[in-house]
Amino acid sequence: MSDIILDIKSVNRTFVSDDDSTTKALHDVSLSVNRGEFLSIIGSSGCGKTTLLRLIAGLDTPESGELILNGEKIAGTNPKRGYVFQQGSLFPWLTIENNIASGLKARGVYKEHKGEVQQYINLIGLNGFEKSFPHQISGGMAQRVAIARALINNPDVLLLDEPMGALDSFTRADIQDKLLELWRKNKTTMILVTHDVDEAIYLSDRIVIMTPRPGEIKEIIEVKLPPPRHRGGTEFLAIRRDILEKLHLASAAPQPEYTI
Amino acid sequence: MQTETTTRGFPFRRKSKQASSERISNRRFIVAFIITIFGFLAAIAANLLFPQIADVKITDYQVGAFTLDFNSLYLIVLAALVLIYSGNGIFSFFDQDRRKKFTKSAPFRLVVGLALGIWDVLGTKLLLLPQPFFPGPAKILEPFLMEPSYILQQILYSLRLFSYGFVIGISAGVLTGILIGWFPKVYYWVQPVLKISGVIPAVAWMPFALTLFPTPFSAAVFLITICQWFTIASLTAQGIQSTPKTHFEVARTLGAKTPYLVFCVAIPHAMPQIFTGISIANGFTFTTLVMVEMMGQPGGLGYYINASKVWSAYYKVFAAIVVMAILFSLILKVVGLVESRVLRWRKGLVKS
């Protein structure tokens with residue numbers, strides 16, 4: 001597991017808002033990701049976890065520091081780095097089938113890989129919905145399609161930006177299992193951004209805990225539970241308590257949970 | 001539909017409280033059927049039974065093997081309407097949704113029939129309406145007997161003019177819209193021009209068009225083109241600019257280059273606006289088309305109106321208006337069908 005696929009070296013990223021105030025989204029972040037591992041990044045909102053993911057995707061560039069994937073510096077987007085967005089990222093004008101195929105069509109390799117579209121539809125269990133449009137399927141189905149669309153390009157790394165954030169807990173558990181199944185099958189390196197501690201423990205080999213203002217990595221926790229993991233297991237709950245404590249202590253000035 | 005299946009076969013079922021799930025009983029449908037055709041039957045009766053009191057010249061025309069005057073053509077049209085609505089009624093009898101639609105239209109069709117009858121009596125039989133401005137309904141049909149091929153020629157002329165302007169206008173409009181929407185430089189230079197020229201009615205350019213273009217036809221095509229062009233261009237640009245950033249980012253992470261972003265993301269997203277542009281532009285286009293034809297074309301329905309007016313042949317003006325109503329409605333219908341096909345991915349537009 002020492003084979004490093006992605007190396008992030010002291011990356012900084014600052015955002016300037018309209019009123020000239022600056023937000024240090026990422027401060028000196030360094031991280032190595034092993035080939036084939038499932039890594040989760042967890043933290044409260046504003047801790048820079050999505051910013052980090054966007055940098056890896058090439059949707060954004062750092063002010064300083066560099067990101068190296070397979071020995072090459074990341075510059076711009078590349079289908080080798082698949083990205084699954086939060087809700088509503090499917091193209092509404094394309095059928096489910098064509099949404100999945102759009103991954104191939106965007107690269108101009110649709111003809112050669114045509115058959116894979118149906119394979120992925122089978123894999124995500126959406127048979128019979130090939131000709132449906134995104135607004136006709138549920139949110140959970142839509143996210144499965146979004147995952148399939150990114151995976152059909154056979155990426156080295158799949159970046160998941162809270163893909164299950166807006167789903168109910170049953171659908172979420174269902175997609176988590178699907179994701180694990182796809183991960184074991186394709187051996188794609190997964191980097192998941194989430195704010196759900198259970199989800200992170202259930203899925204990951206390692207969990208990166210980030211803290212906001214400035215966005216920094218606080219700690220990296222290894223989850224050594226063998227599959228299948230039980231959400232109610234003693235060890236699972238112990239790790240959960242540990243992470244929650246760290247997250248709670250993590251912010252210097254605790255934010256109120258609800259603001260009215 | 002669901003409630004219907006449970007009560008099928010019970011003509012004397014209890015009355016449902018909800019209007020939406022209301023079932024049209026056999027008896028009610030038959031009443032609606034009679035109401036629908038009664039108006040037109042009354043119009044036929046009025047024409048046949050009311051004596052021709054005023055002195056109106058009724059000319060016979062040879063149509064194929066038949067000899068027809070405008071009054072008999074009027075009766076044929078009324079009979080055709082009765083047949084069409086009867087057929088529609090019988091067809092609708094077997095389907096609750098169609099029954100509902102048919103029943104809903106019944107009062108309107110009754111009034112249309114009765115109005116035709118009254119108009120016929122006042123306009124043709126008694127000549128009580130101011131003449132020659134308001135001929136009766138039968139007289140309006142006379143041009144179709146008098147000069148059918150000439151009218152057809154004018155229709156085709158208008159249709160040809162419209163088609164040229166429509167196709168060129170949409171192509172130019174969508175192209176301009178894409179350029180404005182995609183390139184900030186083009187937006188900066190072209191958008192203000194579009195904004196100002198967009199409010200100018202196309203006919204204002206007529207003096208230039210008529211002098212600068214080699215033929216009246218090309219001048220008219222130009223005027224119709226700019227009607228479509230500016231409206232469609234600004235709406236296309238809006239549609240492209242309002243494409244969510246996420247859609248572009250998704251495409252880029254999938255490996256898309258600029259052509260894919262333009263043609264497979266921005267343009268599909270702009271499609272609803274493009275169709276809105278086409279609908280708005282069509283209104284301007286019909287107006288411009290008729291005006292241009294009235295003022296400087298050797299043919300077309302507008303020309304026909306103008307030429308008839310000179311001879312005080314107002315019944316021909318009415319005939320042209322009737323043709324326009326049908327023709328333009330058909331064009332809108334076709335555009336609507338294409339739209340609902342292209343935009344079938346939109347929520348709420350999908351009909352199961």
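Me: Two strands pair if DSSP finds at least two bridges between them. The model here is a predicted one. Going by that rule, what makes E4(A) and strand E5 (residues 72-73) of chain A a pair?

Reply: Count the bridges. E4(A) and E5(A) have two bridges, in the antiparallel sense. The rule asks for at least two, so they pair. As for who faces whom, A:Ile68 has A:Lys73 in E5(A) as its bridge partner. The hairpin of E4(A) and E5(A) has two residues between the strands, and A:Asn70 takes a positive phi near 50° there.

Me: And how do you know that strand E1 (residues 4-16) of chain A pairs with strand E4 (residues 64-69) of chain A?

Reply: Try the rule again. Five bridges join E1(A) to E4(A), and the two run antiparallel. The cut-off is at least two bridges, so E1(A) and E4(A) pair as well. You can check two of the partners in the structure: A:Asn12 is bridged to A:Ser64 in E4(A), and A:Asp7 has A:Ile68 as its partner in E4(A).

Me: Why are strand E2 (22-34) and E5 of chain A said to stand at the edges?

Reply: Start with the order. Four strands make an open sheet, E2-E1-E4-E5 in chain A, with antiparallel pairing. E2(A) and E5(A) each have a single partner strand, so one side of each is left without a neighbour in the sheet.

Me: There's an open sheet of six strands in chain A too. Which are its edge strands, and what makes them edges?

Reply: The order in that sheet is E6-E7-E8-E3-E9-E10, and its pairing is mixed. Strand E6 (81-84) and strand E10 (216-222) of chain A are the edge strands, as each pairs on one side only. On average, neighbouring strands of this sheet are turned by 20° against each other, direction ignored. Helix H4 (residues 139-151) of chain A packs on the sheet, where H4(A) touches E6(A) and strand E7 (157-161), and its direction makes about 170° with that of E6(A).

Me: How do you know that strand E9 (residues 206-211) of chain A pairs with E10(A)?

Reply: Six bridges link E9(A) and E10(A), in the antiparallel sense. At least two are needed, so the pair counts. One place to look is A:Ile207, whose bridge partner in E10(A) is A:Ile221.

Me: Now a single residue. Why does A:Ile42 count as buried?

Reply: The cut-off is 20 or more other C-beta atoms within 10 Å. A:Ile42 has 25 such neighbours, so it counts as buried. A:Ile42 is found in strand E3 (residues 38-42) of chain A. Leaving out residues up to four places away in sequence, A:Ile42 touches A:Thr194, A:His195, A:Val197, A:Ala200, A:Ile207, A:Val208 and A:Ile209. A:Thr61, on the other hand, is 19 residues from A:Ile42 in sequence and 21 Å away in space, C-alpha to C-alpha.

Me: Over to chain B. Why are H3(B) and H4(B) called roughly antiparallel?

Reply: Look at the angle. The axes of helix H3 (residues 70-92) and helix H4 (residues 96-125) of chain B cross at roughly 150° and come within 9 Å. Angles over 145 degrees count as roughly antiparallel, so H3(B) and H4(B) get that label. Their crossing is left-handed. H3(B) brings B:Tyr85, B:Asn88, B:Gly89, B:Phe91 and B:Ser92 to the contact, while H4(B) brings B:Arg98, B:Arg99, B:Phe102 and B:Arg109. By class, that's three nonpolar, three polar and three charged.

Me: So what makes H7(B) oblique to H12(B)?

Reply: Helix H7 (residues 148-182) of chain B and H12(B) pack at about 140°, with their axes 9 Å apart. Roughly antiparallel needs over 145 degrees and roughly perpendicular stops at 115, so this pair is oblique. H7(B) passes H12(B) in a right-handed crossing. Among the residues that meet are B:Gly165, B:Gly169 and B:Gly173 in H7(B) and B:Ala266, B:Ile274 and B:Gly277 in H12(B). The classes in this contact are 14 nonpolar, seven polar and one charged.

Me: Last one: where does the largest share of the side of chain B that touches chain A come from?

Reply: The contact takes 15 residues from chain B and 20 residues from chain A. Helix H11 (245-253) and helix H12 (258-296) of chain B each supply at least two residues of chain B's side. H11(B) gives the largest share, seven residues. Chain B's side divides into eight nonpolar, four polar and three charged.

Definitions and conventions:
Residues numbered from 1 in each chain as written. Chains lettered and ligands numbered in written order. Predicted model: local features only at pLDDT ≥ 70, side-chain atom pairs only at ≥ 80, totals over all residues. Contact = placed C-beta atoms within 7 Å. Nonpolar A, V, L, I, M, F, W, Y, C, P; charged D, E, K, R; others polar. Buried ≥ 20, exposed ≤ 12 C-beta atoms within 10 Å, placed from the backbone. Axes fitted to C-alpha atoms, helices over the stretch in contact; angles between N-to-C directions. Parallel < 35°, antiparallel > 145°, perpendicular 65-115°, else oblique. Left-handed = near helix turned anticlockwise from the far one by under 90°.
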